[in-house]
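Load the model, keep the selection tool handy, and follow along stop by stop.

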Amino acid sequence: MRDDSPAAWLGRAVAILLLVVFAAFFVVPIVWLLIAPTKTDRQMLLDAPFSFGSLQTVADNWQSLVSFQDGLLWTWIGNSAFYCIAALAITLVTSIPAGYALALTEFRGRKALLATTLIVMLVPSTALVLPIFLELSAVHLIGNPLAAILPFSFFPFGVYLTYIYFSTAISRDLLDAARIDGASEVQVFARVAMPLATPVIALVGFFSFTSNWNNYFLPYVMLPGRKAPIQVGLAEMLSNVPQFNPTNAASSTISLSALALATLVAIAPVMIVFLFAQRFLVTGMTAGGTKE
Amino acid sequence: MERAQRQVGLAFISLYTVFLVLFGLLPSAYAIYLAFTKRNAFVGVANFVKVFKDYRFLPAVEHVGLYLVVWLVSLIILVVVLAIIVHAIGVKWLSTGVRFLYYIPGALAGASSVMLWLFVLDPTVSPVSFLLHGLGFNSFVETVQADHLPVTLAIIAFWTGAGGWIIVMYGALNNISRDVIEAARVDGAGPIRTAWFIQIPLLRKWIAYMVVLSFAGGTQLFVEPRVLSQASRGVVSQDYSLNQLAFLYAFKQSDFNGSAAISLVLLVVALVLSVIFVFRGGLFERA
C-alpha cells in the first residue's frame with residue numbers, strides 16, 4: 001500500500017535526493033581518480049574535471065613512475081605484499097585455533113582471555129604504535145621487516161570473528177559425536193571444524209590484509225627508506241611533486257597526474273580484493289549482531 | 001576427555017597469547033614504565049607535567065577535540081539517516097548497489113585516501129572546484145587553513161569510514177522483526193515515527209559501538225594532518241594532533257619519556273572507553 005499524500009511524496013523525494021547526493025559524494029572522487037592519469041598536468045589544470053585525456057598520457061605517466069628512482073615504486077609495492085602476506089599467514093595460524101579454543105573448549109582463564117581480547121580489539125591499533133615502537137627500539141628491531149610483520153600479525157579482531165563464527169556455526173554436540181567416534185581433540189578440530197571454517201578464514205584474511213595494506217603510521221615509524229611499504233612511499237613521493245614542493249630541487253620529479261596514477265596503483269590490490277569480497281562482507285561486518 | 005580438551009584449548013591459544021603479550025600488554029607496560037621514569041629513575045608525574053605544559057599540547061587537544069565533535073555528530077546523524085533510507089529501498093539490487101557504492105571508499109585508507117583528497121581539496125584540479133571556488137577558496141593553501149581544518153578532516157574521515165558503518169547499521173536494522181514494524185504501520189505510524197520510536201531505539205547499542213570506536217580512533221589522528229602538512233608546506237602544522245606531537249617527541253627530540261607520556265594518555269582514553277563498552281555496552285553479552 002502506497003501512501004500518496006503530498007507529505008509522503010515529499011518525504012520520498014527528500015530521501016531519494018539524500019541517497020543520490022551521498023552516492024555522488026562517495027563515488028565522484030574515485031571516478032575522478034580513475035580519469036586523472038589520462039591527462040597531462042596542463043590538461044588537469046585547464047580542462048573540465050571529468051574530461052578524458054588520452055591513453056598515451058597514461059603510458060607516459062606509467063613510464064615516469066617505473067623510472068622514478070630506479071623503480072622504487074615496485075620495491076614499495078613488493079614490501080607491502082611481503083609484509084601483508086607474511087602477517088596474514090601468521091594471523092591465520094594464530095587466530096583461527098585461538099578462536100576455536102575460546103568458542104568450543106573449556107580451560108582455565110578462558111573468560112579472562114576473551115574479555116582481554118574484546119578490550120584490546122576495541123582499542124584503536126594506532127594507540128599502540130608508539131608504545132610498540134619504543135619496545136622494539138629497546139630490542140633493536142627497528143628497520144627490520146619483523147618490526148612491521150609481527151605487530152601486523154597481532155589481530156584480536158580476527159580471534160573475535162573466529163570465536164563468534166565457531167560458537168554460532170558449530171554445535172558442541174557435533175564435536176561430541178566425532179569424539180564418540182574415536183576422534184582425538186586435534187582430529188576433531190582438523191576434520192570437523194576446519195572444513196566448515198572457510199567463510200571465517202576468508203573474512204579474517206580480508207580484514208587483516210586490507211587493514212595492514214592501508215596502515216601508514218606503524219610502518220612509517222618502524223621501516224624508513226627503501227624498506228617502507230607503498231602507503232609510506234606514496235607520501236614520500238609527494239615531496240617530489242613540484243606543485244606541492246616548488247622549492248624542492250629533487251632531480252627526479254613526479255607530475256600531478258603521475259601521482260594520481262601512483263595512488264591508483266597503491267589502492268589497486270585492496271580494490272580488487274574488495275570487488276571479490278563484497279558478498280560476504282555484509283555478513284561479516286554484522287557478525288557480532290547475529291542472534292542465536 | 002575433559003583433560004584432553006583443556007590441553008588442546010591451551011595449546012590452541014598459546015601462540016595468540018604470545019602475540020597478545022608481546023604486542024598488546026608488554027608495550028603498554030613499557031609505555032607506563034617510560035612515562036614515569038627518566039633515565040631509568042622514577043620521576044613521578046614529571047613527564048606528564050612537562051608535556052602538559054608544552055605550548056603545543058593544549059592547541060593539539062583543541063584541534064583533536066573540535067575534529068571529534070564535528071565528525072561524531074555528522075557520523076551519528078548521517079549514518080543513521082542513510083542506513084534507514086537504504087533499508088527502506090524495496091528493490092533488492094538497488095539496495096545492494098547503493099550499499100556497495102557507499103562502501104567503496106572504505107578500500108582507501110591511510111595515505112592513499114589523503115592523497116586523493118589532496119586533489120579534491122586543490123581548487124585548480126578538483127572535481128568539485130566550483131564548490132571550492134564558491135566557498136571562496138582559490139588555492140590549496142586557502143582550502144586547508146587552520147580554522148576550517150577540523151571540518152575538512154571530518155569530511156575525509158566520513159568519506160572513508162561512513163559506508164562501513166551504514167552497512168553495519170543496515171545489518172542491525174534487518175534484525176528488527178517485521179511484525180514490530182508492521183504493527184507500528186497498522187497503528188498509523190509513518191516512516192519518521194517508525195524510525196524515531198522503533199528503529200533508532202533498537203539501534204542504540206550499535207550507535208554506541210560506532211561512537212566508542214570512532215571516538216577512540218579519532219583521538220589518534222595522525223596520517224591526515226601529517227600528509228596535509230607535508231603537502232601544504234607547513235600551513236597545516238607538524239604538531240597539529242596529539243599523536244603527531246608524541247611522534248615529534250620521540251623522533252625530533254629523542255625524548256622517549258615525553259612521547260610515552262602522551263601515548264599513555266591517549267591509550268588510557270581508548271582503554272577506559274573500551275572497557276566500559278565491553279562490560280556495559282550490551283553488545284558482547286555472550287562473552
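A crossing is called left-handed if the near helix is turned anticlockwise from the far one by less than a right angle, and right-handed if clockwise. Helices here are DSSP runs (H or I, at least four residues), numbered from the N terminus, and strands are runs of E of at least two residues.

Some housekeeping before the tour. Residues are numbered from 1 along each chain as its sequence is written, while chains are lettered from A and ligands numbered from 1 in the order in which they are written. This is a predicted model, in which local features need pLDDT of at least 70 and side-chain atom pairs count only at pLDDT 80 or more, while totals for chains, interfaces and linings use all residues.

**Stop 1: helices 5 and 8 of chain B**

Select residues 110-121 and 149-174 of chain B, which are helix 5 and helix 8. Their crossing is right-handed. The two pack at an angle of about 125°, with their axes 11 Å apart; axes are lines fitted to C-alpha atoms, for helices over the stretch in contact, and angles run from 0 to 180 degrees between N-to-C directions. Helix 5 and helix 8 of chain B are therefore oblique to each other (under 35 degrees counts as roughly parallel, over 145 as roughly antiparallel, 65 to 115 as roughly perpendicular and the rest as oblique).

Now show side chains: B:Ser113, B:Val114, B:Trp117 and B:Leu121 from helix 5 meet B:Thr152, B:Ile156 and B:Thr160 from helix 8. Contact means that the C-beta atoms, placed from the backbone, lie within 7 Å. By class, the contact of these two helices has four nonpolar, three polar and no charged residues (Ala, Val, Leu, Ile, Met, Phe, Trp, Tyr, Cys and Pro count as nonpolar, Asp, Glu, Lys and Arg as charged, and the others, Gly among them, as polar).

**Stop 2: helices 4 and 8 of chain A**

Hop to chain A and pick residues 72-104 (helix 4) and 156-169 (helix 8); their axes come within 7 Å and cross at roughly 45°. That makes helix 4 of chain A oblique to helix 8 of chain A, and their crossing is right-handed. Among the residues that meet are A:Ser95, A:Gly99 and A:Ala103 on helix 4, and A:Gly158, A:Thr162 and A:Phe166 on helix 8. The contact of helix 4 with helix 8 in chain A counts nine nonpolar, six polar and no charged residues.

**Stop 3: across the chains**

Which helix of chain A gives the most to the side that touches chain B? First, the totals: 83 residues of chain A are in contact with 84 of chain B. Helix 1 of chain A (residues 6-35) gives the most to that side, with 13 residues. The side of chain A that touches chain B has 61 nonpolar, 17 polar and five charged residues.

The crossing of helix 5 of chain A and helix 1 of chain B is left-handed. A:Leu113, A:Thr116 and A:Val120 make this contact with B:Ile13, B:Thr17, B:Leu20 and B:Gly24.

**Last stop: colour by confidence**

The model scores ipTM 0.88 and pTM 0.89. Mean pLDDT (the predictor's confidence in each residue, from 0 to 100) is 90 for chain B and 87 for chain A. Finish on residues 287-292 of chain A, where the pLDDT is below 50. Where pLDDT is low, the predicted coordinates should not be read in detail.

Note on methods
Contact = placed C-beta atoms within 7 Å.
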